[in-house]
Structure formats: structure tokens, C-alpha cells
Amino acid sequence: MSYSKFKVLLFLTMILIFGNLTVFALHFPSDKTVIVLGTFDYPPLMIKESQMQSGKKNIEFNQRQGIGVDFLKQAFSKHNEYELKINFYPSKRAMHEFSIGEVDIFLGSRMDLPDILNDIIPIKLLPLKSVLFCLPENCAIANNQKKDDKFGTISSIPGSPVNEILIKNGNQVYIQEKLERTFKFLLAKRADYVAAIDFSGHYMLQTMSYPGLDKIEQVDFDLLEIPYDAVIRKDNKYAAIISKIIYDELQNTDFKFMPKEIVEQYLKLLNGPH
């Protein structure tokens, strides 16, 4: 038998073996309890597979999917009797799927779920801060003001909880569809400031390729704190065990670094070998 024929035979044999193993797996499913996590794309906290910087499809459980998702994967990896299934949705659908009980854990913020606040158990993973980013001259001015003062023109994204507060305080807020555009708007000097969540802002500054981004700073004060939560419904039959798994992992996790440092560390992991 020639070498080329041997390779073909080996290839077909492997397909046959794999096919038989697949059928076996389908007929004898895992007896693990499946816990479904529902979330949405919001780098660097939740990163949908199509947004992975490596360009690889994120189909492996051990591949990185954002700071918050990776935290929950790590937590459940220590409990072999449970399997964490991760579903990414558009943001409003993620909230809806959780509200109707289609997913066990919602990863986002309790503030995203105002209609069912009394029915949920929110577990805070991180405090997110809505802050202002600016060029040095405007940051110097803002740092001598209070968060309720009028700052000038501010670029922000739709749905940000801080928009209404900024407008109420007399600021002119320009809404951009994507966070990336808010920073371009700032560099074009069409706005004095960008209002953004600290983690997302630093992620943009460290991943965008645009002249002048290295000059942008963050002001010294916060506009608003937004809890970043793993949320469970009180009526979920696994609520107690899910809560314990998450709280136990929080005891072993150090999130005490500044957001900029956490993002820097995470990007090194994200861009390195998976």
C-alpha cells in the first residue's frame, strides 16, 4: 500500500471513530446539571466570540470571553457536577431571557432589571464607575470641579445612565452609537469630554489604533457607580448553590486593582496563547 493511500485510510478511520464517539455521546448524555448564563457583548467584561482579538472563533470553554465571563467559568470549573452553558444575546434580549426564566444567571447589572428588582439576587462582582475622559487641559479644569457641575460638551453612548444626569446639570451631550466614536469625537475637538464606564473606556484606549489616544486621561472623580453583577432569580431552584459557588470564588479573587491595571493585565492574557 502506498503512503498516500495509507494517509487516506487513516483519515477515514479517524472520521469513523469520531462519528461513533459522537453517536455514543448523543445516546449517553452527561449527567451534569446545566446552568445557563445569559449575557451580551460589552468588552472587556463580556466578549462575544466574533469580537475576540485573536480572530479565532471562541468555541472552546477555556478560551477567554471577558473578565466577568471568565470569572464565572473559573468558579464553575471547580464543581464537576455542574456545566456552565454560555449564551450571548443582544443586550435587551439577554435581559428578557433572564426575566422569563430561560437563563439561570444574568451577567450585567441589577440596574438593567428595574421591573424585577424584588425577585432577584444580585451578587456584585465589581464596582463599575461612570467617569469622564479628556485631554490634559480639560482634565485639569474638571479636576477642580465637582461631579454635579457643568463641564461643557460631552460625548456619550445611548442608554448610559449618566446621560440624564449630565443634561440635568446643564451639559450638552452628544450621543454616538459606539464608544469608539465618542473618543474620535473628543480627539476631533467636537466634545470636551467622553462619559464612559471606566473599564470600557480603558479597554477602548488600549485597543483602538488612532493618533492622540495616548494623550487621553481620566478625571479624578466618579460621576456614578454602577454595580456589575451576576444576577439570579430568587425562584430559581439552583439559586442557593449558584450563589454559594459565586461567593466562594469571590473569596479567592482579587479585584482590588485599578480598572486601567485590570484591563492591561487582561489584554496580555487575551492576546497571548489560549
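Me: Which residues of helix H3 (residues 91-99) are buried?

Reply: This is a predicted model, in which local features need pLDDT of at least 70, side-chain atom pairs count only at pLDDT 80 or more, and totals for chains, interfaces and linings use all residues. Residues are numbered from 1 along each chain as its sequence is written, and side-chain values use heavy atoms, with hydrogens and water left out. Helices (H or I, at least four residues) and strands (E, at least two) are DSSP runs numbered from the N terminus. A residue is called buried under 20% relative accessible area, exposed over 50%, and partly exposed in between (1.4 Å probe, protein chains only). In H3, the buried residues are Ala94, Met95, Glu97 and Phe98.

Me: Why do the buried residues of H3 line one face of the helix?

Reply: An α-helix has 3.6 residues a turn, so residues three or four places apart point the same way. Viewed down the axis of H3, the buried residues fall within an arc of 160°, so they line one face; the arc is that of the directions from the helix axis to the C-beta atoms.

Me: What covers the buried residues of H3?

Reply: Contact means heavy atoms within 4.5 Å. The cover includes strands S1 (33-39), S3 (105-108), S4 (120-134) and S9 (224-233). Just after H3, Gly101 takes a positive phi of about 85°.

Me: Which residues of helix H2 (residues 67-77) are buried?

Reply: They are Ile67, Gly68, Val69, Asp70, Phe71, Leu72, Lys73, Ala75 and Phe76. Because nine of the eleven residues are buried, H2 is largely enclosed by the rest of the structure.

Me: At what angle do helix H6 (residues 179-187) and helix H7 (residues 198-207) pack?

Reply: Two packed helices are described by the angle between their axes and the distance between the axes. Axes are lines fitted to C-alpha atoms, for helices over the stretch in contact, and angles run from 0 to 180 degrees between N-to-C directions. H6 and H7 pack at about 70°, with their axes 10 Å apart. H6 is therefore roughly perpendicular to H7, given that angles under 35 degrees count as roughly parallel, over 145 as roughly antiparallel, 65 to 115 as roughly perpendicular and the rest as oblique.

Me: Which residues make the contact of H6 with H7?

Reply: H6 contributes Leu179, Glu180 and Phe183, and H7 contributes Ser200, Gly201, Met204 and Leu205. By class, four are nonpolar, two polar and one charged. Here Ala, Val, Leu, Ile, Met, Phe, Trp, Tyr, Cys and Pro count as nonpolar, Asp, Glu, Lys and Arg as charged, and the others, Gly among them, as polar.

Me: How do the axes of H7 and helix H9 (residues 259-271) cross?

Reply: These axes come within 9 Å and cross at roughly 50°. H7 and H9 are therefore oblique to each other. In H7, Asp198, Phe199, His202, Tyr203, Gln206 and Thr207 meet Pro259, Lys260, Ile262, Val263, Glu264 and Leu267 of H9. This contact has six nonpolar, three polar and three charged residues.

Me: Is Lys189 buried or exposed?

Reply: Lys189 counts as exposed, at 62% relative accessibility. Lys189 lies in the loop between H6 and strand S7 (193-197). Setting aside residues up to four places away in sequence, Lys189 touches Leu135 and Glu137. By contrast, Ser243, in helix H8 (residues 239-251), is buried, with a relative accessible area of 10%.
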